[in-house]
Amino acid sequence: MVTLDQLNTRKADVAIIGGGPAGATAATLLAGAGHSVVLFERETVPRFHVGESLIPATYWTLQRLGLIERLKQSAFPRKFSVQFVTETGKITSPFYFDEFRPHESSQTWQVWRDDFDQMLLENAEARGAQVVQQAHVSDVIFDGEHARGVRVRSAVGAAAEEPIEVQARVVVDASGQTTFLANRLKLKRPDPRLKKGTVWGYFRGAVRDSGRDEGATIILQTEGKRSWFWNIPLPDDMVSIGCTGSLKYMFPGAGSDAHSVWEREVARCPAIQHRLANATLEGPLRTTRDFSYHTTRSAGDGWVLVGDAQSFIDPVYSSGVYLALKSGEMAADAIAEGLALNDISGERLGSWKKKYDKGVGLFHKLVYAFYSPGFSFGSLLREHPECKDQLASILMGNVFEPGVETLFDIVGDAVPPRDDELVPAT
Ligand SMILES: Cc1cc2nc3c(=O)[nH]c(=O)nc-3n(C[C@H](O)[C@H](O)[C@H](O)COP(=O)(O)OP(=O)(O)OC[C@H]3O[C@@H](n4cnc5c(N)ncnc54)[C@H](O)[C@@H]3O)c2cc1C
């Protein structure tokens, strides 16, 4: 990886903003297809990131990137299932992924994102992309409505330094929750029914399940279903534990510091108390909020949005990295086709979006169901055991397969309350 002063070009087929999974995937596939690619990441790699739990459908893009063997050899815990615990502490039977059309892809991983994202970036570099770290994209250069390149500054240099200009036939915005281009073009629309806040931390010595449950993601509801915890086992006896609820409930105002919110929510969840009984927090408790949105357009002439730079639903089903990989892959294919045809219109660069949105819509519906009063996986499966395959398909990420959507003929279109319709915490 190089820094901006070592960049040896001012011109590329593709310039990419951001070195998370979406940007790295697009960079790898486009460089692998013979295009000149330069990717700018503002942080020093490896950099911290939340989002440790993968879902099985990541397998296919990771396989195309040539990374499955490296993941198999890694120390990342293997994840065979996801499990839900009700507000009364009842442990529902896990969704073991290999119960549904078993395949090598039925098992996935829980990853430290700094290591995982670095691996993706090094792979992009090995395929021929130039990866520039500590490089902050400050502007996209437009000629009318057509993106023509980017302006970039060193993230560690003096603020007064002049940015350099890199001309590109296509600009890919993979800037994550920064939503760089969507902000500039005013395309971002928050989801008022998914206005959430999260507090989380990394613990050593928490209760770990054994055997093939050791790497399971566990989702635990708190009393009254006001919030839910994730429990994601990581290497070296570490576990990522976080709590998400409506923003107004989680952080009702001044005095809502991370520790008091954490203690309040742990007190409402005996199952997580049990897991944390002998655990120690390593590092700070962290918070994030208001992270669910979509964009009204995701491509224009010479530009395209991928990953969180385009949309983010909610962390509950761990779909974020998968959708970042998948959108990076679908956009890369559209860009390669557009470059070959000398057609880099918004229509060409966004040609994958309709199919993508249909699949993402299924995660979105299941997220809405999760936050709707009265919904529970346990009662759904008791009343409709025939749903289990479709439900598991969505939890595994197989949202682009035909027929999965029929789940919602039974579940219906649930609509959770808006944040401003909820009562604050007491
Ligand atoms: C609370 C929470 C929990 C989550 N848990 C999970 C989970 O368990 N599993 C899961 O799959 N997903 C999870 N996610 C979602 C997941 O983290 C994201 O969906 C995923 O990281 C998106 O990848 P990306 O490549 O689009 O963006 P990112 O991974 O965010 O990468 C974007 C990169 O762009 C860089 N950047 C931004 N602006 C600029 C700029 N101007 N110039 C240069 N570089 C720039 C950033 O530094 C960053 O490295 C979670 C999200 C939240 C909020």
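**Figure 1. Antiparallel pairing of strands β4 and β5 in the predicted model.** Strand β5, comprising residues 95–96, is joined to β4 by two bridges, and the two strands run antiparallel. Within this pairing, S81 has Y96 of β5 as its bridge partner.

**Figure 2. Parallel pairing of strands β4 and β13.** Four bridges connect β4 with β13, the latter formed by residues 217–221, and the sense of the pairing is parallel. In this view, Q83 is placed opposite I218 of β13.

**Figure 3. Burial of strand β4.** The strand covers residues 81–85 and is mostly covered, with four of these five residues classed as buried.

Figure 4. In total, the secondary structure amounts to 14 helices and 19 strands. The radius of gyration is 21 Å, close to the 22 Å that the globule rule gives for 426 residues, and the chain is therefore as compact as a globular protein of that length. The C-alpha trace extends over about 60 × 45 × 45 Å along its principal axes. Of the contacts in the chain with a separation of 6 or more, 74% are between residues 24 or more positions apart.

Technical notes. Residues are numbered from 1 along each chain as its sequence is written. This is a predicted model: local features need pLDDT of at least 70, side-chain atom pairs count only at pLDDT 80 or more; totals for chains, interfaces and linings use all residues. A residue is buried if 20 or more other C-beta atoms lie within 10 Å of its own, exposed if 12 or fewer, and partly exposed in between; C-beta atoms are placed from the backbone. Two strands pair if DSSP finds at least two bridges between them. The radius of gyration is taken over C-alpha atoms; the globule rule is 2.2 Å times the number of residues to the power 0.38. Two residues are in contact if their C-beta atoms, placed from the backbone, lie within 7 Å.
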